Amino acid sequence: SDDIEQLQGDAREHLAQCLEVGFCFLDAEKSEYVDYYELIVPRLLTGGILCADNINSHREQLASFVGRVLADPRVDATVVPIGKGVLVARKKPDAKVPDEAP
């Protein structure tokens, strides 16, 4: 579709050029999920969706990431128990970047 652009590679190299993101599927090194999350949320459009994969299959490794997202006032989020577990976060209207991340 003309409305969708799929990018491959290290997202950190592409994010500076992505100013308005409607949807992001996060499946990366689990130790880097928080870094990617903090890069993408400010770029999400209001109502934009971020889906992070493997939440249940890597429960211990991603526990602090999940806690951070669920407590983030910029998004509504939940974990959906399908496949290996997907965290789904939707950016709230007028979401402000907190002075200090949760």
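Leaving aside neighbours within four places in sequence, Ile 55 is in contact (heavy atoms within 4.5 Å) with Tyr 33, Leu 62, Phe 65, Val 66, Val 79, Lys 84, Gly 85, Val 86 and Leu 87. The model is predicted, so local features need pLDDT of at least 70 and side-chain atom pairs pLDDT 80 or more, while totals for chains, interfaces and linings use all residues. Residues are numbered from 1 along each chain as its sequence is written, and side-chain values use heavy atoms, without hydrogens and water.

**The nonpolar core**

Ile 55 also belongs to the largest nonpolar core, which has 21 residues; Ala 52, Ile 55, Phe 65 and Leu 87 have the most contacts inside it. Such a core is a set of buried Ala, Val, Leu, Ile, Met, Phe, Trp, Tyr and Cys residues joined through side-chain atoms within 4.5 Å; buried means under 20% relative accessible area, exposed over 50% and partly exposed in between, with a 1.4 Å probe and protein chains only. Helices (H or I, at least four residues) and strands (E, at least two) are DSSP runs, numbered from the N terminus.

Arg 59 is found in helix H3. Arg 59 counts as exposed because its relative accessibility is 54%. From C-alpha to C-alpha, Arg 59 and Gly 85 are 9.0 Å apart in space, although 26 residues apart in sequence.
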